[in-house]
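Visitor: I have a new structure to look at, and I would like to learn how to read it. Could you walk me through it step by step?

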Amino acid sequence: MGKIAFVFSGQGAQYPGMGKSLYENSKAAKNLYDKAESIRPGTMAQSFEGTEEELKITANTQPCLYLADLAAALALSEKGITPDAVAGFSLGEIAALAYGNAYTHEDGFRIVTARGAAMSKACETSEKTAMCAVLKLSNEKVTELCSKHERLYPVNFNCPGQVSVSGLEESVNALMEEVKSEGGRAVPLAVAGAFHSPFMASAAKEFAKELTKYDLTSPSVPVYSNLTAQPYGDNIAESLEEQIKNPVLWQKTIETLIEEGFTEFIEVGVGKTLCGLIKKTSKDVSTYSVENAETLEETVNALREKGAI
């Protein structure tokens, strides 16, 4: 068996009740949530009992999803499963860095709360922005089509044949029509703004100021960066600031990990979105997901059979 990677879920997969099963069945998860609740009262209620609309608000989504992601990873470690490296998709990178000990779990929660607030504020502008996912076209073709429209950017390179685009709402709408004529498919994304694009410059600047409050260190576990598709070094704050307003190189990250001998990918947090993207990138690797007590046991048993523990 090859090396194991934990991959931390990103924004968009959240749902009411996420994390509750882990809270009730893992001491490590419970401890994480209890400490977070003392920092931001009401977070557990939002996570376990909140409405879908409440959880779609970026300022709520990010701290709640951070906890679900990190709780799943800690519960796995509690069972004897530890990764050789980790990566997180957009928001998931904050939890990945916390797991990798770039900062404490509590500081990670404070950091992600500030990130969510900054990005939410950046969405409250007079300019209408949007995002969509473009399917069945190459990365190069999507980049070419975006260049024809005003303030439109390819931002998340997810897997072969899937790129997310951010920009002015009218430009996104025009692109979606053009994609059809090119034989592709475009799907609007239910997000509050043009994430990972220059529209997030003000959020990045505000977030950078927040990061100066924390003790950030090189991870003790390799954490692969969205910005470079390579492991983080000492420039934690600079990379996190840039990550907000730059593309997520997810496909390249997974390809790099595979080249380096990773064959077992465990999505920790919510849903199986990353599992799907990874399988579309390579059919030669194994994927698992952990989001509750049931999937935790399933994954542990599957890896035990492979001799991982």
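Visitor: Is arginine 151 buried, partly exposed or exposed, and what is its relative accessible area?

Guide: Buried means under 20% relative accessible area, exposed means over 50%, and partly exposed lies in between (1.4 Å probe, protein chains only). Arginine 151 has a relative accessible area of 34%, so it is partly exposed. It lies in the loop between α8 and β4; helices (H or I, at least four residues) and strands (E, at least two) are DSSP runs, numbered from the N terminus. This is a predicted model, in which local features need pLDDT of at least 70 and side-chain atom pairs count only at pLDDT 80 or more, while totals for chains, interfaces and linings use all residues. Residues are numbered from 1 along each chain as its sequence is written, and side-chain values use heavy atoms, with hydrogens and water left out.

Visitor: What is the phi of arginine 151?

Guide: Most residues other than glycine have a negative phi. Arginine 151 is not a glycine, yet its phi is positive, about 45 degrees. Serine 90 also has a positive phi, near 55 degrees. Serine 90 sits in the loop between β2 (85-88) and α6 (92-99), and it counts as buried because its relative accessibility is 10%.

Visitor: Which residues of helix α8 are buried?

Guide: In α8 (residues 139-146), they are Asn139, Val142, Leu145 and Cys146. These residues are on the same side of α8, because they cover an arc of only 130 degrees around the axis; the arc is that of the directions from the helix axis to the C-beta atoms. They pack against β3 (129-135), β4 (152-159), β5 (162-168), α9 (169-181) and α12 (250-259).

Visitor: In what order do the strands of the open sheet run?

Guide: Strands of a sheet pair through backbone hydrogen bonds, either parallel or antiparallel. Here 5 strands form an open sheet in the order β7-β2-β1-β8-β9, with parallel pairing; two strands pair if DSSP finds at least two bridges between them. At the edges are β7 (223-224) and β9 (286-290), each pairing on one side only. Strand β1 (residues 3-8) pairs with β8 (residues 262-268) over 6 bridges, and lysine 3 stands opposite phenylalanine 262 in β8.

Visitor: Which strands does α5 touch as it packs on the sheet?

Guide: Helix α5 touches β1, β8 and β9, and its direction makes about 155 degrees with that of β1. Axes are lines fitted to C-alpha atoms, for helices over the stretch in contact, and angles run from 0 to 180 degrees between N-to-C directions. Helix α6 packs on the sheet too, touching β1, β2 and β7.

Visitor: How many residues does the largest nonpolar core have?

Guide: A nonpolar core is a set of buried Ala, Val, Leu, Ile, Met, Phe, Trp, Tyr and Cys residues joined through side-chain atoms within 4.5 Å. The largest one has 67 residues, and those with the most contacts inside it include Phe6, Tyr66 and Leu240. Helix α5 (residues 58-78) gives the most to this core, with 12 residues. A second, separate core of 17 residues includes Phe89, Val248, Ile254 and Val285.

Visitor: What does tyrosine 66 touch?

Guide: Contact means heavy atoms within 4.5 Å. Leaving aside neighbours within four places in sequence, tyrosine 66 has contacts that include Ile94, Ala98, His105 and Phe109.

Visitor: How many helices and strands are there in the protein?

Guide: The protein has 14 helices and 9 strands. Of its 309 residues, 55% count as buried.
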